[in-house]
Structure formats: structure tokens, C-alpha cells
Amino acid sequence: MRAVVQRVSQASVTVTGDGGPRVVGAIEGPGLLVLVGVTHGDTPEQARKLAAKLWGLRILPDERSCSDLNAPLLVISQFTLYGDTRKGRRPSWIAAAPGPVAEPLVDAVVGELRALRAKVETGEFGADMKVALVNDGPITLVLEV
């Protein structure tokens with residue numbers, strides 16, 4: 001399981017459907033925007049570890065964590081984190097887990113964070129999403145569990 005984590009002062013995700021664009025998740029910071037990618041062998045235990053790492057990661061102002069500040073997180077599924085660009089000009093998506101495997105694991109990360117009492121907003125799995133954010137710092141990290 002892989003995540004790109006950005007410290008943000010605000011972030012939102014919008015989905016366009018039949019009724020036009022609608023915001024499905026938004027946070028005001030300090031907080032974290034988390035893009036989560038899942039590969040074939042990932043497990044619920046890795047989802048638990050990722051959630052714990054995100055909740056305790058000390059990258060907010062004054063080296064504090066979301067758990068210290070009760071800061072919000074916006075978690076969005078991002079299969080492209082497992083894109084392979086080593087050959088040619090078109091990425092390969094072979095390492096990305098298919099939706100029926102990935103969706104429950106992304107949901108598990110969100111569920112574990114909520115069990116830790118985190119305020120979590122989400123995107124919409126499989127939707128064409130527009131993500132807006134103000135990266136604070138900027139601080140961007142790649143986590144692997």
C-alpha cells in the first residue's frame with residue numbers, strides 16, 4: 001500500500017455527475033490530503049498500519065500530528081500511484097489492484113482512521129474527481145507500508 005501525503009491548509013474533491021459538479025469531501029487545515037494506492041498483495045493489516053502512521057505522523061505545524069491537533073484528513077483512492085513508467089511513454093497499470101480489491105482496502109484505511117477518532121472526508125471511489133488543495137509548507141511525503 002502506497003500513499004502520497006500532503007500537509008494542507010485546505011483541500012476538497014469534486015465529482016461531476018448528472019446534477020453537475022458536487023463537492024463530496026472537503027477539509028480546512030491544518031490537515032492532510034492523502035492519496036492512497038493499493039497493489040495486489042495488500043492486506044487489511046497494511047490498511048491498519050497506514051491509518052496509524054497517518055494519524056501519528058508529525059508533519060503539521062510545530063512537529064505535531066493529526067492526533068495531537070485533531071486535524072482532519074481527506075483520503076482519496078489513487079490507483080495511478082502504482083503506474084509504471086519505466087518503459088515507453090504509456091504507463092502500465094498492472095501493479096494497481098483492481099477496484100474490487102482496492103476499494104475495500106481504501107475503505108479500511110478510512111475506517112481505521114475513524115476508529116482512532118479522526119475526522120475523515122473522502123473522495124468517491126472510481127469517479128472522475130477534481131482535487132483542489134493548498135499545500136502548506138509545501139510538505140509532501142510518499143509512505144509505503
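Glutamate 45 and arginine 48 form a salt bridge in which the closest N and O atoms are 2.6 Å apart. This report describes a predicted model, and it moves from the salt bridges to the strands, the nonpolar cores and an aromatic pair.

**Salt bridges**

Glutamate 45 counts as partly exposed because its relative accessibility is 38%. Arginine 48 is likewise partly exposed, with a relative accessible area of 36%.

In the whole structure, a search finds seven salt bridges. The table lists some of them.

| Residue | Partner | N to O distance |
|---|---|---|
| Glutamate 45 | Arginine 48 | 2.6 Å |
| Aspartate 84 | Arginine 86 | 2.7 Å |
| Aspartate 128 | Lysine 130 | 3.6 Å |

Aspartate 84 has a relative accessible area of 26%, so it is partly exposed.

**Strand 3 and its neighbours**

Strand 3 is mostly covered, since four of its five residues are buried. On one hand, strand 3 pairs with strand 2 (residues 20-37) in the parallel sense, over five bridges. Within this pairing, leucine 33 stands opposite leucine 74 of strand 3. On the other hand, strand 3 runs parallel to strand 4 (residues 120-122), and three bridges join the two. Here valine 75 stands opposite threonine 122 in strand 4. Together with helix 3, strands 3 and 4 make a right-handed β-α-β unit.

**The nonpolar cores**

The largest nonpolar core has 29 residues, of which Val5, Val34, Leu54, Leu73 and Leu113 touch the most other members. At least two residues of this core come from each of strand 1 (2-17), strand 2, helix 1 (44-56), strand 3 and helix 3. Helix 3 supplies the largest share, six residues.

What does leucine 113 touch, not counting residues up to four places away in sequence? Leucine 113 touches Ala51, Leu54, Trp55, Leu73, Val75, Ala118 and Val120. Another core, of 12 residues, lies apart from the largest one, and its members include Val13, Leu33, Leu35 and Ile76.

How many aromatic pairs does the structure hold? The structure holds one aromatic pair. The ring centres of phenylalanine 79 and tryptophan 93 are 5.2 Å apart and the ring planes stand at 70°, so the pair is edge-to-face. Phenylalanine 79 and tryptophan 93 are 14 residues apart, and both lie in the loop between strand 3 (73-77) and helix 3 (99-115). Phenylalanine 79, at 46% relative accessibility, counts as partly exposed. Tryptophan 93 also counts as partly exposed, at 38%.

Alanine 97 lies in the loop between strand 3 and helix 3 as well. Is alanine 97 buried or exposed? Alanine 97 has a relative accessible area of 8%; because a residue under 20% counts as buried, alanine 97 is buried. Leaving aside neighbours within four places in sequence, alanine 97 is in contact with Val38, Thr39, His40 and Ala102. Glycine 137, by contrast, is 40 residues from alanine 97 in sequence and 32 Å from it in space, C-alpha to C-alpha.

Methods
Residues are numbered from 1 along each chain as its sequence is written. This is a predicted model: local features need pLDDT of at least 70, side-chain atom pairs count only at pLDDT 80 or more; totals for chains, interfaces and linings use all residues. Side-chain values use heavy atoms; hydrogens and water are left out. Rings of Phe, Tyr and Trp (its six-membered ring) pair if their centres lie within 6.5 Å; planes under 30 degrees apart count as stacked, over 60 as edge-to-face and the rest as tilted. Buried means under 20% relative accessible area, exposed over 50%, partly exposed in between (1.4 Å probe, protein chains only). Two strands pair if DSSP finds at least two bridges between them. A crossover is right-handed if, with the strands pointing away from the viewer, the path from the first strand over the helix to the second runs clockwise. Contact means heavy atoms within 4.5 Å. A nonpolar core is a set of buried Ala, Val, Leu, Ile, Met, Phe, Trp, Tyr and Cys residues joined through side-chain atoms within 4.5 Å. A salt bridge is a side-chain nitrogen of Lys or Arg within 4 Å of a carboxyl oxygen of Asp or Glu.
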